[in-house]
Amino acid sequence: MNPLHQVIINKNTNRKPVWIMRQAGRYLPEFREIRKQNPNFIKLCLNENLSTKITLQPLQRFNLDAAIIFSDILILPYGLNQKVEFEKGFGPKLGDVNIEEMLRLNEESFVKKINPIYNAIKKVSTSNIVKNKNTIGFVGAPWTLLVYIINQQSPKKNLKKDFFKNKTLIKKILLVLDKFLKIHIKNQINSGANIIQIFDSWAGLLEEKDLPDYIYLPTLSLVNYVKSLNTPVICFPREIKNYKKFCETVKPDAVSIDYNVDPIKILNDIKIPIQGGLNPKILLSDKDTIKKETKKYLDIFKDHPYIFNLGHGVLPETDPNIMDYLVKMVKDY
Ligand code: CP3
């Protein structure tokens, strides 16, 4: 059984597998080299040879236990024919929503538009370097995608006051997302992804009263769908106030925690396998601090099924040698 399945399915506590969110990306000079020659980020995600190569880059350097496919959560709105662009120094910029067109869209045209991603997953999952390791497919959670689709860019700290103004539109978008996220999940699994992670990066923006409508119910629908395909699902409801309630309601196979979560408290609160937690900023400090902080997580989760990862994506300023140091330390623990 591959490393993540041992933890998530067998609840093994002897091995602490490791992979890193955004492990393929801007902190790697070999990625930046390819990126320089490919200014259109979406096009790069849809170049199956290059995205395969980028996915494998961190595994060639470090002894990681999983490959996460080089793509983006915003490939989904792109597949729904919303304009999606990445502007240097600004982040994602999305076009206006044409909901009638989204409602009319059929599975075939959606899949055709983003098909290179599935081909890349086939290549990655059958490559020698990923043999006996996991291939992680992923999607954005309905809530986080709704935020990008309506806000048309990353929210700063809070949502605009009129975000929830058009409830009918929101309902329709959530309906479209449920349908096409399931299609996207199914195709990733059929192409060789053997774990699905659901990224809910903006879960922390919602008040308690809005969680059932925008997070619990839409995410539960996806989680149940992934389970029905006999594939483990990891949820990352970043900065949600109550991880315990989330886990009890949505019942993912494993939960990824952000760096504001108290690891000792979560260990007492939650029975399912846990992933992540370490603040990515720690990797910008000295080796002694990194060692101390990493050991803290490994010690706390010593007798719990635990996958080592960060509490959010690795920062672009991170030194690849430090990543090597980190992965080796987890492996030698
Ligand atoms: O983890 C991996 O290595 C796999 C690839 C991956 C990317 N994005 C590649 C990427 C994954 C899993 C994502 C998820 C993603 N994308 C999330 C959820 C996780 C999180 O960070 O909260 C979100 C919110 C996005 C949307 C997104 N994509 C933003 C806001 C940005 C711009 C800001 C940023 O952090 O770079 C992106 C661009 C992006 N996605 C890059 C990469 C490697 C950088 C593109 C570049 O080279 O300029």
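This note sets out numbered points on the ligand site, the pockets and the cavity of the structure.

1. Basis of the model. The model is predicted: local features require pLDDT of at least 70 and side-chain atom pairs count only at pLDDT 80 or more, while totals for chains, interfaces and linings use all residues. Residues are numbered from 1 along each chain as its sequence is written, and side-chain values use heavy atoms, with hydrogens and water left out.

2. The side chain of Arg 35 places an N or O atom 2.6 Å from an oxygen atom of the ligand. For Arg 26, a polar side-chain atom lies 2.8 Å from a ligand oxygen atom. An N or O atom in the side chain of His 312 is likewise 2.8 Å from an oxygen atom of the ligand. On its own the ligand has 880 Å² of accessible area, of which the protein covers 87%; such areas come from the Shrake-Rupley method with a 1.4 Å probe.

3. The largest pocket. The ligand takes up the space of the largest pocket, whose volume is about 1600 Å³. A pocket is an open set of points on a 1 Å grid over the protein atoms alone, with protein on both sides within 12 Å along at least five of seven lines, and lining residues have an atom within 4 Å of a point. A molecule sits in a pocket if more than half of its atoms lie within 2 Å of its grid points. The lining comprises 47 residues, with Arg 22, Arg 26, Phe 41, Asp 72 and Phe 86 nearest the centre. By class, 26 are nonpolar, 10 polar and 11 charged. At least two lining residues come from each of α2 (29–36), β2 (84–87) and β3 (91–94), and α2 gives the largest share, 4 residues.

4. The second largest pocket. This pocket has a volume of about 280 Å³. Its lining has 13 residues, and Ile 150, Asn 151, Gln 152, Phe 163 and Leu 169 are the closest to its centre. Both α8 (142–151) and α9 (167–191) supply at least two lining residues, the largest share being the 3 residues from α8. The lining divides into 6 nonpolar, 3 polar and 4 charged residues.

5. The cavity. A search of the whole structure finds 1 cavity of 30 Å³ or more, a cavity being a set of grid points where a 1.4 Å probe fits but cannot get out. Ala 203, Leu 206, Glu 207, Glu 208, Leu 211, Ile 240 and Lys 241 line the largest cavity, with 4 nonpolar, no polar and 3 charged residues in that lining.

Terms used:
Polar contact = N/O pair within 3.5 Å; in protein donor to acceptor, adjacent residues only side chain to side chain. Points joined across faces, edges and corners; volume = space filled by probe spheres on them. Nonpolar A, V, L, I, M, F, W, Y, C, P; charged D, E, K, R; others polar.
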